[in-house]
Amino acid sequence: MTGFLIEILQVLVVLIGAPVFVGWIRTLKCWTQSRSTAGILQPYRDILKLFHKDIMLAENASWIFRFTPYLVFGVSVLAAGIIPILSVDLPLAKTADVIALIALFAIARFFIALAGMDIGTAFGGMGSSREMMIASLAEPAMLMAIFTVSLISQSTSLSQIPHVIAYGDFILRPSMAFALLAFILITLAETGRIPVDNPATHLELTMIHEAMILEYSGKHLALIEWAGMMKLFLFTAIGIVAFFPWGIAPSDNMAAIPLALFLMIIKFAVVGTGIVLIETGLAKMRIFRVSEFLGSAFLFATLGMLSYFILE
Amino acid sequence: MNLAAQINSVMAALILLTSFGLLVQRRMYALLHIFAWQGLFLSISTAIVGYVSGTHHLYISSVLTLVLKVILLPYILHILIIRLQIHKEVETTINVPTTMLIGIALVIFSYHLTSPIRELSTLVTRSTIAVALATVMLGLLMMITRKHAVTQIIGFLSMENGLFFAATSATYGMPLVVELGVGLDILIAAFIFGIFFFQIRTTFDGLDVDQMAKLKEED
Amino acid sequence: MTLLILLSVSFFAAVILAFIGDRKFAPEINILGSIVTFLAGIFLAVQVYMYGPIITGGKFFFVDAFNIYLVVLTSFVSMTTAMFSRRYMRHEREHGRVGHRGMRFYHAMFQLFIFAMLLALLTNNVGVLWIAMELATLSTVLLVSLYQTPTAIEAAWKYFILCGVGIALALFGTVLLYFAAERILGEGGEALLWTNLNQVSDKLEPTVLSLAFVFLMVGYGTKVGLAPLHNWLPDAHSEGPTPISAVLSGLLLNIALYALVRCKVLVDGATGTHRAGYIMMGFGIISILIAAFSLLRQKDIKRMFAYSSIEHMGIATFAFGLGGPIATFGGLMHMLAHSLTKSSIFFTAGHASQMHSTQEMDRIKGLRRGNPLVGWGLILGAIAIVGMPPFGIFMSEFLILTATMKDAPLMTPLLLIGLGVAFAAIFRKVQPMVAGIVPSYQKSLKASHIPVILHLVLVLIIGLYMPDFLSQWFHKAVEILK
């Protein structure tokens, strides 16, 4: 029973926390650029505003276009129930391991790409093709990085990882360092951050994710935006589970939840700072350089796996 | 695994990483820095192994590496590339993804090749010998793929790093006289390639070794 | 003591010549140093001949029948080359191809090269052997680029890079060897001494030694000039000054082969099989065939004889790989005969190209009438190198062929094809150069008589009648290499 309570609590945390996390990143960014901020809660206001607006549908929009926002949002909520963010004691965690989780995200991405092409505008198609190119490069690297972690924890279940890393002996593992490096690069690409994509731009030539959802409005746009924030949040959560799982509550331990929540907030704040540092330090790269960027992610992930075999 | 061995394998991982960095880095200055880092990791690793095994001559070898590979050679190369005015040069002909894939294959190959040694050895460093061979192989790959005289030399020196690392991890270092002799040879080699750069520079139009393709079997 | 003189003379000569190498009397100093080295070598050889193998200098040096004959050969050929280079380099200098600095450099590096080779031969330590081999490479790299022409620099760069890579792999092999030896002999320098290693070779771990041999084979094989790692060799030989081509071809390749053969003996002892021998046979036969067919296409005289060196090194490697008393004897003799013949050929070829101011064979004509010594020297050298009786190479090739027919009959046709093609190629090219009328652009020059005549007479003697002491040496060496 406690499991279900934690489950619900965690989904709520993700739903509420994701906009705050994005708000935190934006606020920090404003500070580094000496601009005045819109406040950490601004993403809520954006989403709320969009929910109040009418939906404008293109004449030739098919069911895919209307269905996609719900699917994408649903996938994010489902993933929020699987990834151990607060506690490893999640009933849903048994339904999907980390590979299935990546497949879930792939489904969402696939439908967004379809929806981007559905209307038939040039931008949508361009965005979709770029997104799929990035996906085709990022996903193998992602799997490699995940495999490395799975090798160490001897399981592809995310709930198993904290058992080995956080509750076991502390060992310096070069493989983990490589996998982490790869994971950071992939997360930047997957969640459309600089240097791969710029979430704040609507420049025709450079946008990727924004190009695909250019035709969305109102409630649909709100759902997609929200799901996008959750995706960033969830990828960060996966990273935390896999590489810094200290503090995540073990099973059957309700008392550890408050501490886990507190640590989670700190970890996310730190990660947010890291993202801002990366984004202010780097410029967006040309789309054709992305293959090299993700190539190095793949390299790191493979090196991680190799050094697991070679050195550990 | 005790802590020292863990640190040593982290160093091994870093050496491997720097090898890949050298392989795909296009900018001359950055290459030089990565090379110096590789030397530093090697030196630290040698010192750690010396500490763990109680082999004191490894300290000398570590200092030798530090002086030669971290300070002297990068400094000489630095002076050279400034004198030759190539410090801003960027190599554009590298195919990064393919090179990386070949590199990864080489690492696996080295792992496979060194497995008999790993099984026989009782040293704590036995696992790093695959990395050592991989460093040698990656240096070799770098010499093959790069077309610039200076980068080829950096590849060569990185191979030497791999060899030192191999000696340390397989046997706790070669006898001192051999290590000193090898160091001396590298130093002489450094002077020779220094002279070479200027010869190539004055005779050809820059340091691209692709221009040197006259000596072939003509039909 | 003799050993110390042997090594130190060339070293100090190198140091002195680094400062005064451009003076008028520098070539004489160069010759003097080489003569003293040679005499010391002879003296040492007599000692070994009378009292057996010597281990000295805290086990750092050792001399047995195998390396002493190479020591004598090395010091002899470097002596005659020094004599040859006196006239040759004077000519080059008068024609402005080398300056003051170049001469200093040339003389110093020549002596350093000799020092490195002698050290490689005499040392008892596998690691020091490697260091000396590397030193030998490094000292000749800049000699290859001495003329500073684009092609010379290209050749030197290729030489530097390829041999650098090769020798690095050989060091990895040495590390593996040390790894295996350390488990038996304990840590420290003792574990790298040939004398110790040979005693315990049957206890060394076979898998590790096989792996080590692959690296050593590729590494030292590059220096021997075995195909497919031979690319540096024709370039370096054709672009460098001729005395350097002579010593590279006549000596350095031998030293590298020496290192390889020592390793092979060790590995065969450890594995108890003949695997290392098969690898060497494979490399050898490929080198023979590739070199033989490349010979057909050559236009440059020095380049052609460089390919011939690859071919002959292939034959010697094949012989050592084959093993057995006859083949090993043949291999040892082949190293000796080839070294003497090839350096004398390079002497005459160098003079021939000086006379015509080109190395292109199409433009070299009428040598016999223009300068009888050069003409006859070249044609006799060519007869000797293609393995015609009564010269020494005929004998050694005959021995090797006999052993091949007995132990590896399937290889015989390949070997014969290689020898036949090489014969045809060299003869076809040499004859027009020697015969015919003197072209208008041919210049006369004062050739060095002594080295050419001396070498050819020696090769002839070996072919006709094997001196007793030499055959005893070889028999002892065969015992060592069993």
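Chain A of this predicted model contains 11 helices and zero strands, where helices (H or I, at least four residues) and strands (E, at least two) are DSSP runs numbered from the N terminus. Along the sequence, chain A accordingly reads α-α-α-α-α-α-α-α-α-α-α. Residues are numbered from 1 along each chain as its sequence is written, and chains are lettered from A and ligands numbered from 1 in the order in which they are written. Because the model is predicted, local features need pLDDT of at least 70 and side-chain atom pairs count only at pLDDT 80 or more, whereas totals for chains, interfaces and linings use all residues.

Taken along the principal axes, the C-alpha atoms of chain A fill a box of roughly 60 × 45 × 45 Å. Buried residues account for 48% of the 312 residues of chain A; a residue is buried if 20 or more other C-beta atoms lie within 10 Å of its own, exposed if 12 or fewer, and partly exposed in between, with C-beta atoms placed from the backbone. Two residues are in contact if their C-beta atoms, placed from the backbone, lie within 7 Å. Of the contacts in chain A between residues at least 6 apart in sequence, 81% join residues at least 24 apart.

Two packed helices are described by the angle between their axes and the distance between the axes. In chain A, helix H1 (residues 2-32) packs on helix H2 (residues 42-52) at an angle of about 125 degrees, with the axes 7 Å apart. That angle makes H1(A) oblique to H2(A). Axes are lines fitted to C-alpha atoms, for helices over the stretch in contact, and angles run from 0 to 180 degrees between N-to-C directions; those under 35 degrees count as roughly parallel, over 145 as roughly antiparallel, 65 to 115 as roughly perpendicular and the rest as oblique. From H1(A), Pro19(A), Val22(A), Gly23(A) and Arg26(A) meet Gln42(A), Pro43(A), Tyr44(A) and Ile47(A) of H2(A). This contact comprises five nonpolar, two polar and one charged residues, where Ala, Val, Leu, Ile, Met, Phe, Trp, Tyr, Cys and Pro count as nonpolar, Asp, Glu, Lys and Arg as charged, and the others, Gly among them, as polar.

Chain C has 19 helices and two strands. Its radius of gyration, 21 Å, is close to the 23 Å that the globule rule gives for 482 residues, so chain C is as compact as a globular protein of that length. The C-alpha trace of chain C spans about 70 × 55 × 45 Å along its principal axes, and 65% of the 482 residues are buried. Among contacts in chain C between residues at least 6 apart in sequence, 80% join residues at least 24 apart.

Leu209(C) lies in helix H8 of chain C and is buried, with 27 other C-beta atoms within 10 Å. Not counting residues up to four places away in sequence, Leu209(C) touches Ala180(C), Leu204(C), Val267(C), Ala270(C) and Thr271(C).

The largest nonpolar core holds 368 residues; such a core is a set of buried Ala, Val, Leu, Ile, Met, Phe, Trp, Tyr and Cys residues joined through C-beta atoms within 7 Å. The members touching the most others include Ala141(A), Ala301(A), Met117(C) and Val175(C). Helix H6 (residues 150-185) of chain C gives the largest share of this core, 25 residues. A second, separate core of seven residues includes Ala5(B), Val49(B), Leu123(B) and Tyr172(B).

Two pairs of chains are in contact, and chains B and C share the most contacts. The contact between them takes 36 residues from chain C and 37 residues from chain B. On the side of chain C that touches chain B, H6(C) gives the most, with 16 residues, and the classes are 21 nonpolar, nine polar and six charged residues.

The contact of chains A and B takes 21 residues from chain B and 17 residues from chain A. On the chain B side, H1(B) supplies the largest share, nine residues; that side divides into 17 nonpolar, four polar and no charged residues. Chain A and chain C do not touch, their nearest C-alpha atoms being 18 Å apart.

Methods
The radius of gyration is taken over C-alpha atoms; the globule rule is 2.2 Å times the number of residues to the power 0.38.
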